[in-house]
Amino acid sequence: MNGIICINKPKDITSFGVVAKVRGITRQKKVGHTGTLDPMATGVLPVMLGTATRFLNFLPESDKGYRASFITGKTTDTLDITGEVVSVCDMKVTNESVAAILSEFTGKILQTPPMYSAKSVDGVRLYELARQGIEVERKPCEVKIKKLELVGEKDGEFTIDVICSKGTYIRSLIDDIGKKLGCGAVMTSLCRTLACGFTLDDCTTLEELQNRRDGKFGFDDLITGVETILSPYKKVAVSPAQAVRFSNGGALDTLRIKTKIQPDEICTVYSPNGDFLGLGQNKNNELKALRLLPKNQ
């Protein structure tokens with residue numbers, strides 16, 4: 001099996017745990033995920049199978065979507081409900097007060113990665129240091145919040161929808177919202193609704209995968225070609241002769257390709273009949289192969 005299966009990741013399992021389960025259920029040796037979700041998070045987790053894993057290091061930048069809930073009047077060391085309480089506050093917070101400040105967090109903002117995160121500092125994951133009680137200085141990073149809307153509030157729990165750039169920490173966003181409100185806030189739940197162009201509607205569950213295996217049904221209708229996840233790159237169609245040369249690892253003269261390709265630009269390359277061949281990059285007016293799909297795929 002080669003391609004992508006989107007899993008609706010359940011709660012209380014790591015992304016690597018999902019990969020291990022998919023590997024076992026599908027009996028596919030080469031399996032990898034496209035972006036880590038915290039164990040408490042659920043939602044869209046694209047999983048790459050077989051030859052699709054060859055393209056993991058070339059995934060294009062894409063927006064992420066989340067639905068997150070939080071409560072106010074509390075902060076924790078992990079910035080979510082699972083951590084140890086650092087402070088409490090009994091200030092009353094309303095829908096109106098939350099909605100009024102969200103625009104301040106829309107657009108380009110600076111965000112400090114939380115200590116309990118998978119970000120590495122000097123080759124060590126921050127969460128590994130945090131578990132040892134070690135806190136290190138983290139440089140603020142610029143992220144972009146493209147959409148930030150208040151969905152509603154129920155029993156003191158607020159829910160927001162977020163569309164953001166890669167590398168955004170929703171726990172940190174909620175912590176910053178709590179600081180702005182003056183009472184603190186912690187995330188209580190998180191669901192990723194968009195990743196690599198896939199939504200929850202594109203996902204299946206681990207249980208469904210297992211049921212299909214137990215029932216001896218196939219997985220083919222759940223698998224999407226790897227070219228889907230690479231669609232943000234420019235699409236380039238080549239001639240039959242060029243397709244043969246490129247598939248064999250040969251470079252192509254960009255001046256003989258109808259589509260204009262900028263210097264150093266990465267593009268997806270297709271044969272005249274629409275078959276995806278691989279990724280190429282323009283180097284000194286030559287389209288050189290970055291990653292090729294094996295010829296038998």
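Helices (H or I, at least four residues) and strands (E, at least two) are DSSP runs, numbered from the N terminus. In these terms, Ser62 lies in the loop between strand E3 (42-49) and strand E4. The model is predicted, so that local features need pLDDT of at least 70 and side-chain atom pairs count only at pLDDT 80 or more, whereas totals for chains, interfaces and linings use all residues. Residues are numbered from 1 along each chain as its sequence is written, and side-chain values use heavy atoms, with hydrogens and water left out.

The protein has six helices and 18 strands. Its C-alpha trace spans about 70 × 50 × 35 Å along the principal axes. Of the 297 residues, 47% are buried, where buried means under 20% relative accessible area, exposed over 50%, and partly exposed in between (1.4 Å probe, protein chains only). Among contacts (heavy atoms within 4.5 Å) with a separation of 6 or more, 67% are between residues 24 or more positions apart.

The largest nonpolar core contains 28 residues. A nonpolar core is a set of buried Ala, Val, Leu, Ile, Met, Phe, Trp, Tyr and Cys residues joined through side-chain atoms within 4.5 Å. The residues with the most contacts inside the largest core are Leu148, Ile160, Val162, Ile170, Leu173 and Ile174. At least two residues of this core come from each of strand E4 (64-72), helix H2 (95-101), strand E10 (141-154), strand E11 (157-164), helix H4 and strand E12 (185-195). Helix H4 gives the most, with five residues. Apart from this core lies another, of 20 residues, including Ala52, Phe198, Tyr270 and Phe276.

Residues up to four places away in sequence being left out, Val162 touches Lys64, Gly65, Tyr66, Ile145, Lys147, Leu148, Ile170 and Leu173. Ser62 is buried, at 18% relative accessibility, and under the exclusion of residues up to four places away it touches Lys166 and Cys196.

Helix H4 (170-181) also contributes to the second largest pocket. On a 1 Å grid over the protein atoms alone, a cavity is a set of points where a 1.4 Å probe fits but cannot get out, and a pocket is an open set with protein on both sides within 12 Å along at least five of seven lines; lining residues have an atom within 4 Å of a point. The second largest pocket holds about 370 Å³ of space, with grid points joined across faces, edges and corners and the volume taken as the space filled by probe spheres set on the points. It is lined by 20 residues, of which Asp77, Leu79, Met115, Glu135 and Arg138 are the closest to its centre. Strand E5 (74-76), strand E7 (107-111) and helix H4 each supply at least two residues of the lining, and the largest share, four residues, is that of H4. The lining comprises eight nonpolar, six polar and six charged residues; Ala, Val, Leu, Ile, Met, Phe, Trp, Tyr, Cys and Pro count as nonpolar, Asp, Glu, Lys and Arg as charged, and the others, Gly among them, as polar.

In helix H5 (residues 206-214), the buried residues are Leu206, Leu209 and Arg212. Seen down the axis of H5, these residues fall within an arc of 125° and therefore line one face of the helix, the arc being that of the directions from the helix axis to the C-beta atoms. An α-helix has 3.6 residues a turn, so residues three or four places apart point the same way. Strand E1 (3-9) and helix H1 (15-26) are among the elements that cover the buried residues of H5. Glu207 and Asp214, on the other side of H5, are exposed.

Most residues other than glycine have a negative phi. Lys216, which follows H5, has a positive phi near 60°. Lys216 belongs to the loop between H5 and strand E14 (234-237) and is exposed, with a relative accessible area of 77%. Asn285 has a positive phi near 65°. Asn285 is placed in the loop between strand E17 (276-283) and strand E18 (286-292) and is partly exposed, at 45% relative accessibility.

Ala251 is located in the loop between helix H6 (240-247) and strand E15 (252-253). Ala251 is buried, with a relative accessible area of 18%. Neighbours within four places in sequence aside, Ala251 is in contact with Arg245, Glu286, Leu287 and Lys288. Ala251 and Val162 are 89 residues apart along the chain, and their C-alpha atoms are separated by 42 Å.
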